[in-house]
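Here is a quick tour for anyone meeting this structure for the first time.

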Amino acid sequence: MISTRVSVIVMLVAFVNGARNEDDRQPCAKVQTSSPVVPLGSPVTATCIIRDSCPVVIGQAVHIQWRLDNRFLPSSTVANESGRVSEVVIPSFNHTRGSLTCCVQASSLLVVGGVDIRAGYPPQPPQNLSCQTNLTTPNTLTCRWHPGQQETHLLTKYTLHTKIRDLNENNTYELPPGVHQYTIPRDGFVLFSEIEIYVKAVNDLGEATSVPITLEPVSAAKFDPPTILNIQAMPKRYGCLKLSWTLSEQQAWMRNSRLNLEVRLQTADSSRSAEQPILINQVRSTRPVDQCRLLHGTQYFAQIRVRYQQSPWSEWSSSQSGVTLESAPTGRLDWWMKVSGNQKDKHLTIHLFWKPSKQFRANSQNVSYVVSLQKLSGEKGQVCTTMANYCTIQLPKRAKKVYLSAVNAEGRSNPTEVRITLPRSSTVISDVTVIPQDDRSLLVQWSSLVSSSPIDFVVEWRPLLETELSFTQFEITDRNQTSLVISGSIEPYKPYGISVYPRFKDWIGLPQTVNAYSRQKAPSMVPKIQINKNWQYHVELTWDELALDERNGNIQSYKIFYWSAMDPVKVVATDPEERRVVLKDLNTVAMYDAFMMVTTFGGSLNGTTFHFEVEPFDAVSVVMIVTACGVGLSMLIIFIVMMCFSKHSRLKGRFWPAVPDPANSSLKRWTSESTQDTHLASDSDEPNPIYLSHLSFLDILVKLGKDDDDVWSRSPEDTSDLGESICGSPFLPGYSGSNTDSVPYATVIFSGQFSSPPPNVPHVYLRSESTQPLLEMEESFSPKCYQNMETDGMPREQCFFGPCDDCIPEEAADPAILWDDFPFLQALAMNEMQND
């Protein structure tokens, strides 16, 4: 572009300032250089010669200046007569392209000549030349190479040269600029004839040729992926598979050629695979190949690839499966057992887990496991048969061991002895930590007490989102090992419970358990907020626990953000186990907005915004409540004082009834002192039910005389117990108790039927001899003597309830006065009148 612009300027100057003759079209000046293309960084020399006939310099002194693009260069004038020749030297041309112009200073600076200079590097020899034959229709030979590490900055052309030695035929193929590969058509090579190939690179500064290669096109062919026809077990050969295969249809003409074959085998569970593919040399596709030294009764998936001599390997074929012959299981099983149950129970509940050891071989696709009480095989002692990796069994406490075996259609493995070890409340493990290694593995570390010496440790883990025991996995470590990397079934964002157990010879110690994640992220949800309590200036917010499958990590904190139009944003953080928070010092006249943020180690999640306000507490309501409470309290105090200091007998009797003491009283004293305070009845009132309910009536057919024996002495069984003697004893004929649930203080005995007219025989009053206390505190077991009172006024010396030293006959009292002084007798008389 620059050179074009310079040429145009030179032509215009020549046209304006040149000779007036239209036939004279020569420019005013001529610029000469050693070469228009130079190596980058090399020196450049240029010379500018101005013609004498140039109208710009006719009759004027000439002053020549050089300019490289927009930069002036120092120059020197060559000694001659006219002084119209100038030379410039550029010590190092560091531009890939530049315009060097010659200018004359007249009334203005005029360009009278110029040249375009390019710089770069000569080409490097092409490297890494390789060719590959395509055997599909049509057959082609594609060659590729690398132009070299150095950029030439110049236009470089590449040509591909071939020479077929058997035909002595040479071919040259031109390539477009910038293309570094070429596909030779089928007529340019022979599959089984050697061909020499090389590449030549050419630019303005030189040329270079690659190292030639000689190959047989068929040996450079990359075959299509072969096809596995069939895989089957070899008869009577354990651990062997016969594999039949073939080439693709377009390459079927190569079936009789000897090829190299690689076989890649992998078990169905992907737990065991060949470290390297198995190489088989010089094999024809028409003959199957045998693969032996494989596991018995195991399903294998096979893939193959082929090549001819040192040609590139084909792509792997599609996978096909085959199963080797079965045999009886071999090796032992690793086991882990947990015992649960109460010491009082007669049986133990055992959860037994197992997995194949490094030496175990199932030798079958369908294998089951048997737990038995006997070492020898048989169905008699079997307690569990399953195809899972665990079993829960009930065993008596006296059981010491069980036997675990693997069984398939060909037989049974040697039993693995499982000793029943009971747990013991002993802490051996401490400081269990779990560190994520990556998304699929966790590093478990623990420490053991110095005083303990377990035989090994058991690391158990299971996903907490699964409840089935089949998801439980374990690993047994050495007694000196204090760390373990668990992997395989670990998934990110899922919680896992990891426990470390110390195992001793005869018992198992307490485990230490932690919950861990291989990777954490923000929770999937935020709990819903409930306003539990709302009172003046305070609001209590509560929420439910976030579900385990929604946490995506260990909850670190719950934060409540709340604000109002009058208050700034405030934050309250809570403990992850609390799930409640009290917002204090709130404004009762403002509406609040709030939301919750739940945080884990992997991120945080904000909940939706909710609104709440504090319920105002009215001052009038407060005054009314306080007044009501004060009035109620005052009335209660007044009532208590009135009861304590009141002289009203009826009121006091309702709260503090007077209970007479039979041990220190008589019938008269009961009526005159005790009962009068208890109940003051008018003439129209009914008899006091207290006294009527405490009267018992006995009918004695035989008249009591002075010489007769005491009724109580004659029938000791009748008074042996208070409840029987007064409330319906079966030993007293005709007994009629007024109330079977009450306990009377005395018994009135009549000489005849109490329903018949009263005879002239005085009544007899007896006090019960029951040893059952009548009051809370019994005064004495030997009460004072009580005198019997007769209605006829004649004294009668009778003493009951023990000895009487002061039984002195008293003066006969006035019958009227005696009758009035005994309300019990009055009630009895009323009873007799009613019976009449």
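A residue counts as buried when its relative accessible area is under 20%, as exposed when that area is over 50%, and as partly exposed in between. Keep in mind that this is a predicted model. With those cut-offs, E194 is partly exposed, because its relative accessible area is 40%.

**Salt bridges**

E194 has a partner: R165 forms a salt bridge with it, and the closest N and O atoms are 3.5 Å apart. R165 sits in the loop between β12 and β13, while E194 belongs to the loop between β14 (181-184) and β15 (195-203), so the bridge ties together parts that are 29 residues apart in sequence. R165 is partly exposed too, at 45% relative accessibility.

The count of salt bridges comes to 16. Here are three of them, including the one just described:

| Pair | N to O distance |
|---|---|
| R165 and E194 | 3.5 Å |
| K242 and D290 | 3.3 Å |
| E540 and R580 | 2.3 Å |

Take the side chains of K242 and D290, which meet in a salt bridge. This pair links distant parts of the chain, with K242 in strand β20 (residues 241-246) and D290 in strand β23 (residues 289-291), 48 residues apart. K242 is partly exposed at 26% relative accessible area, and D290 is partly exposed at 36%.

Now for E540 and R580, whose side chains also meet in a salt bridge. E540 is in strand β44 (residues 538-543) and R580 in strand β47 (residues 580-583), 40 residues apart. Is E540 buried or exposed? E540 is buried, since its relative accessible area is 6%, whereas R580 counts as partly exposed at 34%. There is a network here as well: salt bridges link E540, E578 and R580.

In soluble globular proteins, nonpolar side chains tend to be buried together. In this model the largest nonpolar core has 45 residues, and those with the most contacts inside it are C143, L160, I197, F223, L243, W245 and L261. Apart from that one lies another core, of 25 residues, including V31, C54, C102 and I117.

Most residues other than glycine have a negative phi. N168 isn't a glycine, yet its phi is positive, at about 50 degrees. You'll find N168 in the loop between β12 (157-164) and β13 (169-174), and it is exposed, with a relative accessible area of 60%.

Y493 is not a glycine either, and it has a positive phi of about 65 degrees. Look for Y493 in the loop between β39 (483-487) and β40 (496-503); at 27% relative accessibility, Y493 counts as partly exposed.

Key. Residues are numbered from 1 along each chain as its sequence is written. This is a predicted model: local features need pLDDT of at least 70, side-chain atom pairs count only at pLDDT 80 or more; totals for chains, interfaces and linings use all residues. Side-chain values use heavy atoms; hydrogens and water are left out. Helices (H or I, at least four residues) and strands (E, at least two) are DSSP runs, numbered from the N terminus. Buried means under 20% relative accessible area, exposed over 50%, partly exposed in between (1.4 Å probe, protein chains only). A nonpolar core is a set of buried Ala, Val, Leu, Ile, Met, Phe, Trp, Tyr and Cys residues joined through side-chain atoms within 4.5 Å. A salt bridge is a side-chain nitrogen of Lys or Arg within 4 Å of a carboxyl oxygen of Asp or Glu.
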